[in-house]
Amino acid sequence: MKNIFDGLEGFGLKNVDVKDVFQEPEREKKERNAGKPEQKKEMSEEDLIFYKGYTCPVCDNEFKSKMVRTGKVRLAGADSDLRPRYIGVDSLKYDAILCPKCGYAALNRYFNFVMSSQAKNIREKISADFHYQPEKGKIYTYDDAIIRHKMALLNTIIKNGKSSERAYTCLKLAWLYRGKRESLMQGEYDKEEIAQLAGEEKELLANAFDGFETAFSKEDFPMCGMDQHTMMYLLAELARRIGRIDEAKRYVSKVMVARNAQQRIKDKAYELKEKLQENHAKE
């Protein structure tokens, strides 16, 4: 649109920048907006990622891996099997650390703890044939994350890791399959692929249950960041999800009668007991 003040140049007013009749003076505009908080731009997943440096305990290679800026993500809640849900990013995708040189991989909490005999097994059975395929995007897709966690699981087996580490890695992998399934179901999706992802998840949850149950009687607590009552609740919920109802009832009862269990876990146990009763009533 033509400036309505065109034609006043003859008066020498060549540098006056006024295009709107009701334009607010800049000083008054700044004063009016001074007390207003700036609108924050919603962060994308890429905004929440940074590169963290690692030294591989197997081959001493120095490399960087994508990580989530924990101080910038907000927890939205958790699934009944304790899977955390964050706003703007699924941080679970970034928990497996993979050395691009030798193929050693582990969940972040276990990455630095490798004995010499374990490192030897990894070099002989993984590193000898390993060829790194770098991720293409600026973030990890669910497929990227699943591959990295599969490498972590393979490494726990090759190094003969503790049952709890194997179980926890299976649990994280199951959560990733669930995350991928949920993301696909937000749009048009293939029912067969969804069913396959659900099947993969259930199989991994079953492995997690078996591993945690073995670890419960052989390893010390805290285990994977959980006390024994939280672990008993998790075992009960995993048993429910994979259809082992009697075992679910047994573990949930143990939590409910435990004197030292935190109230938060007891509340979850009561909720789980109600689910089990509802399922029994429907049968």
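Is Leu-82 buried, exposed or partly exposed? With a relative accessibility of 22%, Leu-82 counts as partly exposed, where buried means under 20% relative accessible area, exposed over 50%, and partly exposed in between (1.4 Å probe, protein chains only). Leu-82 sits in the loop between strand E3 (75–78) and E4, and its phi is near 75°, a positive value in a residue other than glycine. Helices (H or I, at least four residues) and strands (E, at least two) are DSSP runs, numbered from the N terminus.

The structure described here is a predicted model, in which local features need pLDDT of at least 70 and side-chain atom pairs count only at pLDDT 80 or more, while totals for chains, interfaces and linings use all residues. Residues are numbered from 1 along each chain as its sequence is written, and side-chain values use heavy atoms, with hydrogens and water left out.

The overall picture comes next. The protein has 8 helices and 6 strands, and along the sequence these follow the pattern α-β-β-β-β-β-β-α-α-α-α-α-α-α. Of its 283 residues, 41% count as buried. Among contacts with a separation of 6 or more, 62% come from residues 24 or more positions apart; a contact means heavy atoms within 4.5 Å. The protein exposes about 17,700 Å², of which carbon and sulfur atoms supply 48% (Shrake-Rupley method with a 1.4 Å probe; for residues, only the protein chains shown count as cover).

Among the strands, E1 (residues 49–55) and E2 run antiparallel and are joined by 7 bridges; two strands pair if DSSP finds at least two bridges between them. E1 and E2 form a hairpin with 6 residues between them, and Asp-60 in the turn has a positive phi of about 65°. Tyr-54 stands opposite Phe-63 in E2. Strand E2 is largely enclosed by the rest of the structure, because 5 of its 7 residues are buried.

Because 12 of the 17 residues of H3 are buried, the helix is largely enclosed by the rest of the structure. The buried residues include Tyr-142, Asp-144, Arg-148, His-149 and Ile-158. Their cover includes strand E2 (62–68), strand E5 (96–98), strand E6 (105–107), helix H2 (116–125) and helix H4 (163–184). Just after H3, Asn-160 takes a positive phi of about 55°.

Aromatic rings form another theme. A pair of aromatic rings is described by the distance of the centres and the angle of the planes. Rings of Phe, Tyr and Trp (its six-membered ring) pair if their centres lie within 6.5 Å, and planes under 30 degrees apart count as stacked, over 60 as edge-to-face and the rest as tilted. The structure holds 7 aromatic pairs. In one of them, the rings of Tyr-94 and Tyr-140 have centres 5.0 Å apart and planes at 25°, so the pair is stacked. Tyr-94 lies in the loop between strand E4 (84–86) and E5, and Tyr-140 in the loop between H2 and H3, so the pair ties together parts that are 46 residues apart in sequence. Tyr-94 is buried, with a relative accessible area of 2%, and Tyr-140 is buried at 3%.

Phe-209 and Tyr-251 form an edge-to-face pair, with 6.4 Å centre to centre and 85° between the planes. This pair links distant parts of the chain, with Phe-209 in helix H5 (residues 191–218) and Tyr-251 in helix H7 (residues 245–257), 42 residues apart. Phe-209 is buried, with a relative accessible area of 0%, and Tyr-251 is buried at 4%. Arg-250 lies over the face of Tyr-251, at 4.7 Å from the ring centre, and Lys-93 lies over the face of Tyr-142, at 5.1 Å from the ring centre. A charge sits over a ring if NZ of Lys or CZ of Arg is within 6 Å of the ring centre and within 35 degrees of the ring normal. Ring pairs also link Tyr-54, Phe-63, Tyr-104 and Phe-111 into a cluster.

Finally, the loop between H5 and helix H6 (228–241) holds Pro-222, and the peptide bond from Phe-221 to Pro-222 is cis, with omega near 5°. Cys-224 is also found in the loop between H5 and H6. Its phi is near 55°, a positive value in a residue other than glycine, and Cys-224 is buried, with a relative accessible area of 10%.
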